[in-house]
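Student: Could we go through this structure together, one question at a time?

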Amino acid sequence: MSIVMGVDQHRAQITAEWIDLASGEISRARVRPADRAGVRRFLARFAGQQLEVALEATTGWRFLVEELRAVGAVVHLAEPAETAALRGNKRRAKSDRADARHHRELLLAGRLPESWIPPDHILDLRARVRLRHTLIEQHCRWQQRIQAVLYHHGCPHRRQLMVADGREWLAAQPLPETARQQIMVAMAMVDALERELAPVTRELRLYARRQAGCKALIEAYYGIGELCAVTVVSELGDCRRFANSRDAVRYGGLDVTVYQSDRHRAPGHLSRQGPPALRWALYEAAQVARRPGSPDRAYYEQAAERLGGNRACLALARKLLKRCYHTLRELGDDALAAPDEQTRSDAGSAAARRASSGSRSTTKPAATRERTDALAA
């Protein structure tokens with residue numbers, strides 16, 4: 001490598017510092033505006049050169065990686081928390097230039113804590129999964145606002161207000177005009193969110209039915225339905241980058257952090273450092289996997305007796321995550337392959353088998369079993 005660069009990106013500007021290893025010369029530059037066109041003009045000077053770049057996995061990294069790869073650069077995506085920890089105690093005010101230099105020095109020393117860069121189709125799938133998760137969160141919050149208004153005015157508690165005769169029951173409640181307006185606005189927002197949720201959910205379900213990794217999870221584990229499977233595949237990504245299943249649990253934020261000093265030990269809490277959508281999907285799957293008739297029912301009852309129902313569900317969610325890790329790791333490249341690529345690969349293999357055997361293949365329906373969807377919209 002001849003040029004090593006560190007980049008610190010922000011919405012207003014991008015700061016870069018690089019060193020030419022042949023001459024030892026250090027150069028700096030700032031890119032304004034910090035958009036695709038500005039970055040492309042800046043990187044034009046490095047076209048045809050051997051370039052390695054380190055940047056943090058913060059908002060805006062995707063288009064930077066795309067533009068860097070377009071000029072032939074080798075890109076290293078730094079994990080923000082671990083990168084900041086390597087800076088140590090701050091002796092002076094932090095600046096964009098200092099951050100860019102820090103990234104360059106870590107990369108040059110081979111100490112940069114790297115994040116995985118997913119392929120484009122997984123990035124797009126992850127965006128859809130997180131969009132649905134955000135819509136569901138907003139959907140729940142608006143329904144909670146309705147419940148809060150009803151309680152504030154002394155109305156009896158009732159669930160399922162948006163289905164069956166719930167709306168008629170709401171209309172019959174003796175509420176002042178202001179409270180009525182609050183509820184009407186909240187109901188309109190719930191209806192709008194449901195309209196937006198329907199096509200996103202439909203796309204994700206269709207994807208899960210055709211994608212190899214999702215199908216493997218659905219068929220293997222009770223409690224994991226189409227929406228949970230597509231969330232796990234998109235958020236967990238390439239499991240081969242984890243040394244073991246415990247690393248996958250830590251990545252998902254389902255590990256329990258414990259502070260201990262001498263003989264004093266504080267009670268542990270979830271680290272919650274990983275993708276929220278992944279934790280949410282696995283917890284919803286655990287809610288299904290704890291039901292009577294589930295293979296994990298005995299494990300749940302044993303854990304619930306010691307820890308309580310909520311913590312037992314979290315323990316079951318960790319167990320499901322470990323199982324998903326092993327299944328996706330064994331699948332290898334097929335675990336993340338796009339459905340159209342997998343279909344072409346399967347079709348080519350089937351054609352080759354038919355040509356080699358000289359016989360016509362017969363298609364038999366695969367044995368399936370009904371499974372409750374943990375993430376029904």
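Predicted model: local features only at pLDDT ≥ 70, side-chain atom pairs only at ≥ 80, totals over all residues.

Student: Which residues in H4 are buried?

Tutor: Residues are numbered from 1 along each chain as its sequence is written, and side-chain values use heavy atoms, leaving out hydrogens and water. Buried means under 20% relative accessible area, exposed over 50%, and partly exposed in between, with a 1.4 Å probe and protein chains only. In H4, the buried residues are Asp96, Asp99, Ala100, His102, His103, Arg104, Leu106 and Leu107.

Student: What covers the buried residues of H4?

Tutor: Look for contacts, meaning heavy atoms within 4.5 Å. Helices (H or I, at least four residues) and strands (E, at least two) are DSSP runs, numbered from the N terminus. The cover includes strands S1, S2, S3, S4 and S5, together with H3.

Student: How many Å apart are the end C-alpha atoms of helix H4?

Tutor: The expected span of a helix is 1.5 Å times one less than its number of residues. Helix H4 has 14 residues, 96-109, so it should span 20 Å. The model agrees, with the end C-alpha atoms apart by 20 Å.

Student: Is Ser245 buried or exposed?

Tutor: Ser245 is found in helix H10. Leaving out residues up to four places away in sequence, Ser245 touches Lys322, Tyr325 and His326. Because its relative accessibility is 12%, Ser245 counts as buried.

Student: Why does Gly309 count as partly exposed?

Tutor: Gly309 lies in helix H13, residues 309-331. Gly309 touches Tyr300 and Ala304, not counting residues up to four places away in sequence. Gly309 counts as partly exposed because its relative accessibility is 29%.

Student: Which element gives the most to the lining of the largest pocket?

Tutor: On a 1 Å grid over the protein atoms alone, a pocket is an open set of points where a 1.4 Å probe fits, with protein on both sides within 12 Å along at least five of seven lines; lining residues have an atom within 4 Å of a point. The largest pocket is lined by 33 residues, with Ala57, Glu79, Pro80, Ser115 and Tyr251 nearest its centre. Elements giving two or more residues to this lining are H2, H3, S6, H5 and H10. The one that gives the most, with 4 residues, is H5.
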